[in-house]
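The following briefing concerns a predicted model. Please consult the sequence and the structure alongside the points below.

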Amino acid sequence: MPLVARTPREVFHIVQDHLNRTLNKVLTHHRLEFTVRHAKQEKTLLHFQDSHKEAVAISLPSSAWRLYLSFGLQAIPQGRDYVLHILQYAYRIQQTPSIQDEAEVRFEYVSSEIDPSARWCRHHVQFHRDYRGVSGDFSPSKFHIPTGWVTIGNVIHFLIADLGIPPLIETWEEELRQSEEQFRVWTSREVPE
Amino acid sequence: MLQGESLMNTQAASNTPMETVETAENGFHELSDEEFLALIDTGARKGLGMSGEEYLRRLREGTIERTGPNGYLAYLSMLASLLDY
């Protein structure tokens, strides 16, 4: 069953509360915040932002790694309610605060509503251009290497398990499993193990 | 669709103070159109070295990417989608 609520803002708050609860329990005390136009309440950008409302890759505990998460969200009318729709997402793992700097790895999705003419895989992962160990004509920073739908839970799992970020709680795997389960229901998508 | 370029031009010509409707209730930053276009302009200048007006024009013409190594491409794309670009 998709995420349904009575107003666009209620839809967005449910998603925000869910993601921040997971982030704050498992990984970081930073919180995702919304930017929305007063005149366009049914679309929003949910992301990490600084005090000037600008996008920023947040620091992670006991680590040189930084994280930027962003979602372009839409609440679509369905009868008297609204349903969550994800227009675009970008998750960046990098070593500087500025998102202008190239990330070591990026997980991205661009829907057909946002870019109808894109011919590359809409779910893809890309790597820093100085990625080592590949042949000259294979560029992980340019190819849109296909992936499944990537959740924030997947990214948190990768940060803890592979990059050594210390989790905030010992039961982080169970917290992530429960979070993933809820997101699977809301988005009606198969969440990769 | 809100016409970003004409709104920016009007704002610059009139030199009037921006309307402020921003609230930050529970992490919700609600911006007037003027504030929103200013946010796009700031991001485009800082991240891509062009004005917000030029960014929106190039997005409309399909001559700028929605993603890329520079994270401002995806960030500004998501902001622009709130203008139905």
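In chain B, 44% of the contacts between residues at least 6 apart in sequence join residues at least 24 apart, where a contact requires C-beta atoms, placed from the backbone, to lie within 7 Å. This is a predicted model, in which local features need pLDDT of at least 70 and side-chain atom pairs count only at pLDDT 80 or more, while totals for chains, interfaces and linings use all residues. Residues are numbered from 1 along each chain as its sequence is written, and chains are lettered from A and ligands numbered from 1 in the order in which they are written.

**Chain B**

- Chain B contains 4 helices and 2 strands; these are DSSP runs numbered from the N terminus, with helices being H or I of at least four residues and strands being E of at least two.
- Read from the N terminus, the order of elements in chain B is α-β-β-α-α-α.
- Of the 85 residues in chain B, 36% are buried (20 or more other C-beta atoms within 10 Å of a residue's own; exposed means 12 or fewer, and partly exposed lies in between).

**Nonpolar core**

- The largest nonpolar core comprises 59 residues, a core being a set of buried Ala, Val, Leu, Ile, Met, Phe, Trp, Tyr and Cys residues joined through C-beta atoms within 7 Å.
- Helix α4 (residues 72-81) of chain B supplies the largest share of this core, 8 residues.
- The residues with the most contacts inside the core are L46(A), I40(B), Y75(B), L76(B) and L79(B).
- Leaving aside residues up to four places away in sequence, L46(A) touches F12(A), V15(A), Q16(A), L32(A), F34(A), F71(A) and L73(A).

**Helix pair in chain A**

- The axes of helix α1 (residues 8-26) and helix α3 (residues 172-187) of chain A come within 10 Å and cross at roughly 170 degrees (lines fitted to C-alpha atoms over the stretch in contact, with angles from 0 to 180 degrees between N-to-C directions).
- The two helices, α1(A) and α3(A), are therefore roughly antiparallel, a term applied to angles over 145 degrees.
- H18(A), T22(A), K25(A) and V26(A) of α1(A) form the contact with W172(A), E175(A), L176(A), S179(A) and Q182(A) of α3(A).

**Positive phi values in chain A**

- Most residues other than glycine have a negative phi.
- K53(A), which is not a glycine, has a positive phi of about 70 degrees; K53(A) lies in the loop between β3 (40-47) and β4 (58-59) of chain A.
- K53(A) is partly exposed, with 18 other C-beta atoms within 10 Å.
- S62(A), in the loop between β4 and β5 (66-78) of chain A, has a positive phi near 50 degrees.
- S62(A) is exposed, with 9 other C-beta atoms within 10 Å.

How values were computed
Parallel < 35°, antiparallel > 145°, perpendicular 65-115°, else oblique. Contact = placed C-beta atoms within 7 Å.
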